[in-house]
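Here's a quick tour of a protein model for you. Have a look at the sequence and the 3D view first, then work through the points below.

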Amino acid sequence: MLQDSKALWASCLRYIRENVSPEDYETLFSHVSLYTYKVATKTLVLQVPSSYICENIENKYIDVMRVAIFNTFGKIRLDWYINLVEDSRLVVEGNDETMAPDRSIDAARRMLEVAPGTAQAHDLPPIDSQLNPAQTFRTFIEGGSNKLSRSVGLSIAEHPQGTQFNPMFIFGPSGCGKTHLVNAIGNHCRKIYPQKRVLYVSARIFQVQYSNAVMQKKINDFIAFYQTIDMLIVDDVQEWMSAKGTQDTFFHIFNHLFRNSRRIILVSDRAPVELEGMNRRLLTRFSCGLMAEMEKPNLQLCVDILKKKILRDGLRVPDDVVQYIAQKANGSVRDLEGVINSLMAYSVVYNCNIDMRLVERVIRRAVKTDDEPLTVDDILECVCRHYEVTPNSVKGRSRKREFLLPRQLTMFLAKKYTNIPASRIGRMIGNRDHSTVLHSIDIIEKKLKTDKQFAEEVEKVETALKIKKEG
């Protein structure tokens, strides 16, 4: 009877080959084989080496499959058996009515329901999580700019099997502590659940791995590996904005992990809505869980972070010096870390005390100096502080006056205080074109001439900019 079933499936394949492109037949259907056909329950089970293949078939050729199977087998139920063993073309031999219990149709269906497309965790070799062991919740300083992200992240680490806040999409400017936080989540989860397969990977490394897998014709192995992860952390996903192949592949990995309640944590320097060039179906998945914005730490949080690092490294730094470093670091945790590391090196090598003179010398080399011109980010920060809005809301697509006016003023001041062309200013403020910038400048100029109160507001912002420039 199995031979008869094989002949029927071969007939299906002939029909499919005639109705799909040769490339798709080779990529998808050549990897599909008959697992079994259970006559009593009218169920056909097809075997594939990864869920990537069956998802692609269902997305693109489900109607062709329905016609082929109905014309050959009649009205039946179709199931997939996703087999990740090395011999992915294993086909059960013998009469399908007398198969061993572990090879029965029920066993295949149970595998699909319990852990589709993956082996059990205890059957898999251990992996290097690629996490930074120094970046933990103990070393992460909480403040108003990161409180929500930290609280949710800790909950996820302690309850990775839950489905709430999945995926977690963390976004914010460079240097605000995003990478530290996601490493802390991964490290805490591994500490509580050592059997969990947790993996941190940058978007760039993922893209390189994908390209290598394509060139070596091992894309199924690449996808199968990522489908075994219990908590996947991907940093800097904005790197994929022009990488269509990487996006399509991650889409299938994401779907598999999400369906099986695996944790997905994504990190970006901008909100999903600002990821121009990203596949729309991928963006909807990025946005379906929790979007947590992290902002640059304020002065007090910078001071707290500095004191923690100083205590950790056993340094003695006067309070006025700590305050000075915090003011000069521009809200960047990375700059704070760099300054402290440099101070420690100087104090050890030259056996000197850490005083204001040494700090000024180090800061001139480590962070932006006072004589540097204002940047668009400087201007955006001052405008947002004055109007009590966030940079991401100003860069966003909302046309509400509370965001539109600060956006237009930022463009006006950027043109006034920098030598950056209008086209580049537009790209830096929400990826807008130069005509939008010129239109905004015209609106602000006219408003300054007719609205005295607004002119006073702009003067306050410009004063804040001068103070910022002078340090």
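How many salt bridges does a search of the whole structure find? It turns up 11. Keep in mind that this is a predicted model.

**Salt bridges**

- Arginine 77, at 43% relative accessibility, is partly exposed.
- Lysine 244 and aspartate 248 form another salt bridge, at 3.0 Å from N to O. Both sit in helix H9 (residues 244-259), four residues apart, or about one turn of the helix.
- Lysine 244 is exposed, with a relative accessibility of 60%.
- There's a network here too: salt bridges link Lys244, Asp248 and Arg281.
- Next up is lysine 416 with glutamate 462, where the closest N and O atoms are 2.6 Å apart. Lysine 416 belongs to helix H17 (residues 401-417) and glutamate 462 to helix H20 (residues 452-470), so this pair ties together parts that are 46 residues apart in sequence.
- Glutamate 462 is buried at 14% relative accessibility, while lysine 416 is partly exposed at 49%.

**The nonpolar cores**

- The largest nonpolar core has 56 residues, and Leu232, Phe250 and Phe286 have the most contacts inside it. Helix H3 (residues 51-73) gives this core its largest share, 10 residues.
- What does leucine 232 touch, once you skip residues up to four places away in sequence? Its contacts include Leu199, Val201, Tyr226, Phe250, Ile253 and Leu257. Arg263, Ile264 and Ile265 are also among them.
- Apart from the core of 56 residues lies another one, of 28 residues. Phe403, Ile420, Val437 and Ile444 are among its members.

**Helix H6**

- Helix H6 (residues 178-192) is 15 residues long and spans 22 Å from its first C-alpha to its last. That's close to the 21 Å expected at 1.5 Å a residue.

**Two residues to look up**

- Asparagine 146 sits in the loop between helix H4 (105-114) and helix H5 (147-158).
- Is asparagine 146 buried or exposed? It's buried, because its relative accessible area is 4%, under the 20% cut-off.
- The side chain of asparagine 146 reaches the backbone oxygen of isoleucine 141 at 3.2 Å. Leaving out neighbours within four places in sequence, asparagine 146 is in contact with Phe140, Ile141, Met294 and Leu301.
- Leucine 438 is part of helix H19 (residues 434-450). At 45% relative accessibility, leucine 438 is partly exposed.
- Glycine 426 is 12 residues from leucine 438 along the chain, and their C-alpha atoms are separated by 9.4 Å.

How values were computed:
Residues numbered from 1 in each chain as written. Predicted model: local features only at pLDDT ≥ 70, side-chain atom pairs only at ≥ 80, totals over all residues. Heavy atoms only, no water. Helix = DSSP H or I, 4+ residues; strand = E, 2+ residues; numbered from the N terminus. Buried < 20%, exposed > 50% of the residue type's maximum accessible area, 1.4 Å probe, protein only. Polar contact = N/O pair within 3.5 Å; in protein donor to acceptor, adjacent residues only side chain to side chain. Contact = heavy atoms within 4.5 Å. Salt bridge = Lys/Arg side-chain N within 4 Å of Asp/Glu carboxyl O. Core = buried A, V, L, I, M, F, W, Y, C linked by side-chain atoms within 4.5 Å. Expected span 1.5 Å × (residues − 1).
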